Amino acid sequence: MDSLHEFDNILYDRKENTDSLINYWVDYSNPLTWQFWILIAILLVPLIILYFKIDRSKVFLIGFFGYNVHVFFTFIDIYGINRGYWHYPYQVIPALPSISLDTSLVPVAFMLIYQWTLNNQKNYYIYAIILAAIFAFILKPILVNIGLFRMYGNINYFHLFIGYIIVLLISKWITWIFHKLYKPNFSAE
């Protein structure tokens, strides 16, 4: 029973920390701040672009790939936040710290690269690695400089780049496996 009591105390402390982050959001990251509206743009603009640019003949393949990117980036982000490696001082929704990046900007960018490489018979890995480098070594430093992203401890941009590489590889491989297993012999009705 001592372990359950300790567990309860840890959860209570976590709730207190979450309440503090929500209070921070109310004071500094609410809809009256420029940071909030930048994050709204980072969330909505890529989705609007995707709506107009997605190849509808491959929408399920590209969407499945994008969903993989979203899920694995979310896992990595949660891990990094929980370990104290990084965090997002400003948020659209206080309980979802990286919703703009992980739900929209990053998956959409990788989806469009994936689509372009499919449609033009280009090497996905080369272009995805280039995009990963752009995110890790250009976008993240910009976000750090304007205060939308914070890194702690020994974490650096190369670590972020490796995280991007891992996600782009896993997402591609899982999509490839499911695409090979797909046998369209049924009606969706």
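## Largest cavity

About 70 Å³ of space lies in the largest cavity of this structure, which is a predicted model. A search of the whole structure for cavities of 30 Å³ or more finds one. The residues lining the largest cavity are Leu39, Tyr88, Tyr90, Gln91, Val92, Pro97, Ser98, Ile99, Ser100, Leu101, Leu143 and Leu148. Sorted by class, this lining has nine nonpolar and three polar residues, and no charged ones. Helix α4 (residues 99-119) provides the largest share of the lining, three residues.

Rolling a probe the size of a water molecule over the atoms shows where empty space is left.

## Leucine 101

One of the residues lining the largest cavity is Leu101, and leucine 101 is placed in helix α4. Is leucine 101 buried or exposed? Its relative accessibility is 8%, and because buried means under 20%, leucine 101 counts as buried.

Setting aside neighbours within four places in sequence, leucine 101 is in contact with Ile42, Tyr88, Val106, Pro107, Leu139, Lys140 and Leu143. Tyr88 and Leu143 are among these contacts, and Tyr88 and Leu143 are also among the residues that line the largest cavity. Phenylalanine 7 lies 94 residues from leucine 101 along the chain, and the C-alpha atoms of the two are separated by 32 Å.

## Largest pocket

The largest pocket has a volume of about 560 Å³. Its lining is made by 20 residues, and those nearest the centre of the pocket are Ile81, Asn82, His87, Ala95 and Pro97. Pro97 is also among the residues lining the largest cavity.

Which helix gives the most to the lining of the largest pocket? Helix α3 does, with six residues. At least two residues of the lining come from each of α1 (2-28), α3 (59-82) and α4. By class, the lining of the largest pocket divides into nine nonpolar, eight polar and three charged residues.

## Chain overview

The chain has six helices and two strands. Read from the N terminus, the order of the elements is α-α-α-β-α-α-β-α. The C-alpha trace spans about 55 × 45 × 35 Å along its principal axes.

Of the 189 residues of the chain, 38% count as buried. Among contacts in the chain with a separation of 6 or more, 74% are between residues 24 or more positions apart.

## Packing of α5 against α6

Two packed helices are described by the angle between their axes and the distance between the axes. For helix α5 (residues 124-145) and helix α6 (residues 157-181), the angle is about 145° and the axes are 9 Å apart. The crossing in which α5 passes α6 is right-handed.

On the α5 side, the contact is made by Tyr124, Tyr125, Ala128, Ile129, Ala132, Ala133, Phe135, Ala136, Phe137, Lys140, Pro141 and Val144. On the α6 side, the residues are Tyr157, Phe158, Leu160, Phe161, Tyr164, Ile165, Leu168, Leu169, Lys172 and Trp173. By class, 20 residues of this contact are nonpolar, none is polar and two are charged.

## Alanine 132

Alanine 132 is found in helix α5, and Ala132 is one of the residues that make the contact with α6. Its relative accessible area is 0%, so alanine 132 is buried.

Not counting residues up to four places away in sequence, alanine 132 touches Phe110, Phe161, Tyr164, Ile165 and Leu168. Phe161, Tyr164, Ile165 and Leu168 are among the residues on the α6 side of the helix contact. Alanine 132 and valine 106 are 26 residues apart in sequence, with a C-alpha to C-alpha distance of 9.3 Å.

## Two loop residues

Aspartate 55 has its place in the loop between α2 (34-53) and α3. Aspartate 55 counts as buried because its relative accessibility is 18%, under the cut-off of 20%. Beyond residues up to four places away in sequence, aspartate 55 touches Ile62, Gln115 and Asn119.

Glutamine 121 is found in the loop between α4 and α5. Is glutamine 121 buried or exposed? With a relative accessible area of 68%, glutamine 121 is exposed. Glutamine 121 is not a glycine, although it has a positive phi of about 50°.

Technical notes
Residues numbered from 1 in each chain as written. Predicted model: local features only at pLDDT ≥ 70, side-chain atom pairs only at ≥ 80, totals over all residues. Heavy atoms only, no water. Axes fitted to C-alpha atoms, helices over the stretch in contact; angles between N-to-C directions. Helix = DSSP H or I, 4+ residues; strand = E, 2+ residues; numbered from the N terminus. Left-handed = near helix turned anticlockwise from the far one by under 90°. Contact = heavy atoms within 4.5 Å. Nonpolar A, V, L, I, M, F, W, Y, C, P; charged D, E, K, R; others polar. Buried < 20%, exposed > 50% of the residue type's maximum accessible area, 1.4 Å probe, protein only. 1 Å grid on protein atoms, 1.4 Å probe; cavity = no way out; pocket = protein on both sides within 12 Å on 5 of 7 lines; lining within 4 Å. Points joined across faces, edges and corners; volume = space filled by probe spheres on them.
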